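I opened this notebook to record what I looked up in one protein model. The entries follow the order in which I worked.

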Amino acid sequence: MILRTISGYRYEEKIMNPVLILTHNNLDLTKKCVDSVFRQDNDAKPFIYDNGSTDGTREWLHEQRLWFNESEDNRGVSVGWNWSLKYLFSGTCLARCENILVLNNDLILSPTFYSQLLSCNVPFV
């Protein structure tokens, strides 16, 4: 398995509110999901784990200069979640993350979803 982390996106210092999105193909759904993250009313930043997509998803992630990790083949949901959470919580990414919102790529968030969740002031992944 080859994993590469691309950090060319527009992150200056640290990730305030990371959103982990797991994807395998379904580029149209991924685009809508990522767009809904960018429309959040807080400083939400998507981190995408691409699980071996072959439908143009990887190319789109590169073109958009999004922050993501890619696997050469589909290693399954558990590997994608576990690798990404370990990476984000380890502090080796761009900052230490206290909360991470985890999504499948078929979800579209309302613009206030993440800030409302954070306002509950309880720990979550």
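By about how many helical turns are W83 and Y87 separated in helix α3? I found that W83 and Y87 are 4 residues apart in helix α3 and are therefore separated by about one helical turn. I took helices (H or I, at least four residues) and strands (E, at least two) as DSSP runs, numbered from the N terminus. I noted the general rule that an α-helix has 3.6 residues a turn, so residues three or four places apart point the same way.

**Entry on the model.** I recorded that this is a predicted model, in which local features need pLDDT of at least 70 and side-chain atom pairs count only at pLDDT 80 or more, while totals for chains, interfaces and linings use all residues. Residues are numbered from 1 along each chain as its sequence is written, and side-chain values use heavy atoms, with hydrogens and water left out.

**Entry on the whole chain.** I counted 4 helices and 5 strands in the protein chain. Along the sequence I read the pattern β-β-α-β-α-β-α-β-α. I then looked up burial, where buried means under 20% relative accessible area, exposed over 50%, and partly exposed in between (1.4 Å probe, protein chains only). Of the 125 residues of the protein chain, 44% count as buried. For contacts I used heavy atoms within 4.5 Å. Among contacts in the protein chain between residues at least 6 apart in sequence, 70% join residues at least 24 apart.

**Entry on aromatic rings.** I returned to W83 and Y87 and looked up their rings. Rings of Phe, Tyr and Trp (its six-membered ring) pair if their centres lie within 6.5 Å; planes under 30 degrees apart count as stacked, over 60 as edge-to-face and the rest as tilted. I found 5 aromatic pairs in the structure. The ring centres of W83 and Y87 are 5.2 Å apart and their planes stand at 10°, so this pair is stacked. W83 is partly exposed, at a relative accessible area of 25%, whereas Y87 is buried at 12%. I noted that F47, Y49, W67, W83 and Y87 form one aromatic cluster.

**Entry on helix α2.** Which residues of α2 are buried? I listed T57, R58, W60 and L61. Seen down the axis of α2, these residues fall within an arc of 165°, so they line one face of the helix; the arc is that of the directions from the helix axis to the C-beta atoms. I found that the buried residues of α2 pack against β2 (17-23), α1 (27-38), β3 (44-51) and β4. Just after α2, R65 takes a positive phi of about 55°.

**Entry on strand β4.** I saw that β3 and β4 run parallel and are joined by 4 bridges; two strands pair if DSSP finds at least two bridges between them. I48 has F68 in β4 as its bridge partner. Both faces of β4 are covered, with F68 and E70 buried on one side and N69 and S71 buried on the other.

**Entry on salt bridges.** I noted that side chains of opposite charge can pair when their charged atoms come close. I counted a salt bridge where a side-chain nitrogen of Lys or Arg is within 4 Å of a carboxyl oxygen of Asp or Glu. The count comes to 6 salt bridges. E72 and R58 form one of them, at 3.7 Å from N to O. E72 lies in the loop between β4 (68-71) and α3 (77-90) and R58 in helix α2 (residues 57-64), so the pair ties together parts that are 14 residues apart in sequence. R58 is buried at 15%, while E72 is partly exposed at 39%.

I next looked up R75 and D73, whose side chains meet in a salt bridge at 3.0 Å, N to O. Salt bridges that share partners join D50, R58, E70 and E72 into one network. Finally, R39 forms a salt bridge with D35, with the closest N and O atoms 2.7 Å apart. R39 is exposed at 56% relative accessibility, and D35 is partly exposed at 35%.

**Entry on S36.** Is S36 buried or exposed? I found S36 in helix α1, buried with a relative accessible area of 4%. Leaving aside neighbours within four places in sequence, S36 is in contact with L107, I108 and L109.
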